[in-house]
Amino acid sequence: MTEKLSGKARDKALAGLTGWTKVKGRDAIEKAFRFKDFNEAFGFMTRVALVAEKMDHHPEWANVYNRLDVILTTHDAGGLSEKDIKLATLMDKWAGKAGKTAKK
């Protein structure tokens, strides 16, 4: 079972992320990405989905045209884990300039 991040390890992990915010009322983080169009957003989601499946760690997300809203948490750990940080970091890397952070 994956362990929930806490204390200094949690603070350090979250400090390394850009644009991710805490979800109110949950031990989770969220970010909204905006892409050029639907094709770019869907391509990004497909790449992430392949890695998420290998990690056995699946994001909560919603897509409308070029916008992708993502929530990350580790359900079996009861909150944020290193898996969430790894997936968030990968998503940021792959989104690059194309996946500008959208304001909610």
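**Notebook: salt bridges, core and hairpin**

I started with Asp69, which forms a salt bridge with Arg67, the closest N and O atoms being 3.0 Å apart. I count a salt bridge when a side-chain nitrogen of Lys or Arg is within 4 Å of a carboxyl oxygen of Asp or Glu. Asp69 has 23% relative accessibility and so counts as partly exposed. For burial I use under 20% relative accessible area as buried, over 50% as exposed, and partly exposed in between, with a 1.4 Å probe and protein chains only.

I note that this is a predicted model, where local features need pLDDT of at least 70 and side-chain atom pairs count only at pLDDT 80 or more, while totals for chains, interfaces and linings use all residues. Residues are numbered from 1 along each chain as its sequence is written, and side-chain values use heavy atoms, with hydrogens and water left out.

**Other salt bridges**

I looked up the total and found five salt bridges in the structure. One of them joins Arg10 and Asp27, with 2.8 Å between the closest N and O atoms. Arg10 sits in helix H1 and Asp27 in the loop between strand E1 (21-22) and E2, 17 residues apart, so this pair links distant parts of the chain. My helices (H or I, at least four residues) and strands (E, at least two) are DSSP runs numbered from the N terminus. Both Arg10 and Asp27 are buried. I also found Lys4, Arg10 and Asp27 linked in a network of salt bridges.

Next I checked Arg26, which forms a salt bridge with Glu60 at 2.9 Å between the closest N and O atoms. Arg26 is in the loop between E1 and E2 and Glu60 is in strand E3, so the pair ties together parts 34 residues apart in sequence. Arg26 is partly exposed at 37% relative accessibility, and Glu60 is partly exposed at 26%.

**Core**

I then listed the largest nonpolar core, which has 22 residues; Trp20, Ile29, Phe33 and Met91 touch the most other members. Helix H1 (7-15), E2, helix H2 (38-55), E4 and helix H3 (82-95) each supply at least two residues of this core. A nonpolar core here is a set of buried Ala, Val, Leu, Ile, Met, Phe, Trp, Tyr and Cys residues joined through side-chain atoms within 4.5 Å.

For Met91 I left aside neighbours within four places in sequence and found contact (heavy atoms within 4.5 Å) with Trp20, Phe33, Phe44, Val48, Trp61 and Val70.

**Strands and loops**

I looked at Glu30 in strand E2 (residues 29-34). Glu30 is buried, with a relative accessible area of 16%. Its C-alpha atom is separated by 4.3 Å from that of Ile71, 41 residues apart along the chain.

E3 and E4 run antiparallel and are joined by five bridges; I take two strands as paired if DSSP finds at least two bridges between them. Trp61 stands opposite Val70 in E4. The hairpin of E3 and E4 has two residues between the strands, and Tyr65 there takes a positive phi near 50°.

I also noted Asp56, in the loop between H2 and E3. Asp56 has a positive phi of about 55° although it is not a glycine, and is exposed, with a relative accessible area of 56%.
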